[in-house]
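Please open the model in your viewer and keep the selection tool at hand.

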Amino acid sequence: MSNNHQILGVKINKSDQAELTNSLKQLDGFIWDMLIGLSAIAENVTVDQVHAHTRRCMAYTRIILDEMLISSMHDDDRDLIKRRPEYYDLIPRCCGLHDIGKSQIPDHLLNKPGKLSTQEFSYVKEHTLNPFETFFSFLETHNTNPFIIILKDCVKHHHERYDGSGYPLQLSGNDIPLVARIMAVVDVIDALTTDSSYSRRRSVDETFDFLISQRGIAFDPYVIDATFRQRQKIQAIANQDSQ
Ligand SMILES: [Fe+2]
């Protein structure tokens, strides 16, 4: 029987463990690039834009989660990573795809300078829920896949606020899934330190001033503390991409 199979066109060489590991790595990279490419089409932006935003979100999340693990985090979150070690790798990846629901929101609302009307804002808020009627319902047979479980949590809850005043479900504290509590901070770091059509880019100092002002209000104190302890690394990524 041949040692060579293919999945989605990627050759899976099972002749020895090293070849198999290499093949699976290639398959993983291929599937990930397909996801990014498809989200670029859906969001009507260039692959470079999606790549840069995804890469920064994943990098910030990795840094913050690593810092929480070596310093301090809520016991429930530490237990979760212990019980489900795959979450450690999957959380940053899911954070890279948090806004897939924006593909169904018209560009003129997403890029509107200044404040949105109440009606416009309620429409934009739908980006946390609309993937459940489309993308996730298509993936129904994969409901127990941990990547899908974490991605659902991230997409639905990344605009919840720690004090319970966010959306869509007004969850508070640790009822907000860990991935979404980290993504809430990462989202603000990336939004404030990059150019957008709706607001000017803020300095890293201004961004961190805002983050600390929202510690325990919009954001999980553990996530904010880890972010501050790793400020230099986060600043280096933000500055590198702004040049
Ligand atoms: Fe969002």
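The stops below begin with the domains and end with a single side chain.

Residues are numbered from 1 along each chain as its sequence is written. The model is predicted: local features need pLDDT of at least 70, side-chain atom pairs count only at pLDDT 80 or more, and totals for chains, interfaces and linings use all residues.

**The two domains**

Select residues 1–43, which form domain 1, and then 45–242, which form domain 2. These bounds come from an automatic or database domain assignment. Taken over C-alpha atoms, the centres of domain 1 and domain 2 lie 27 Å apart. Contact between the domains involves seven residues of domain 1 and 10 residues of domain 2; two residues are in contact if their C-beta atoms, placed from the backbone, lie within 7 Å.

**The hairpin**

Select residues 4–7, strand β1, together with residues 10–13, strand β2; the strands run antiparallel and are joined by four bridges. Strands (E, at least two residues) and helices (H or I, at least four) are DSSP runs numbered from the N terminus, and two strands pair if DSSP finds at least two bridges between them. Asparagine 4 has asparagine 13 of β2 as its bridge partner. Two residues lie between the strands of this hairpin, where leucine 8 takes a positive phi near 50 degrees.

Select residues 178–193, helix α9. Its 16 residues should span 22 Å at 1.5 Å a residue, and the end C-alpha atoms are 23 Å apart, which agrees; the expected span is 1.5 Å times one less than the number of residues.

Is α9 mostly covered or mostly open? Of its 16 residues, 12 are buried, among them Arg181, Met183 and Thr193. A residue is buried if 20 or more other C-beta atoms lie within 10 Å of its own, exposed if 12 or fewer, and partly exposed in between, with C-beta atoms placed from the backbone.

Next, highlight Val179, Ile182 and Val185, which have the most contacts inside the largest nonpolar core, a set of 40 residues. A nonpolar core is a set of buried Ala, Val, Leu, Ile, Met, Phe, Trp, Tyr and Cys residues joined through C-beta atoms within 7 Å. Helix α9 gives the most to this core, with 10 residues. Around isoleucine 182, leaving out residues up to four places away in sequence, the residues touched are Thr61, Ile64, Leu65, Ile91, Cys95 and Val223.

**Phenylalanine 210**

Finally, select phenylalanine 210 in helix α10, residues 204–213. Phenylalanine 210 counts as partly exposed because it has 15 C-beta neighbours inside 10 Å.
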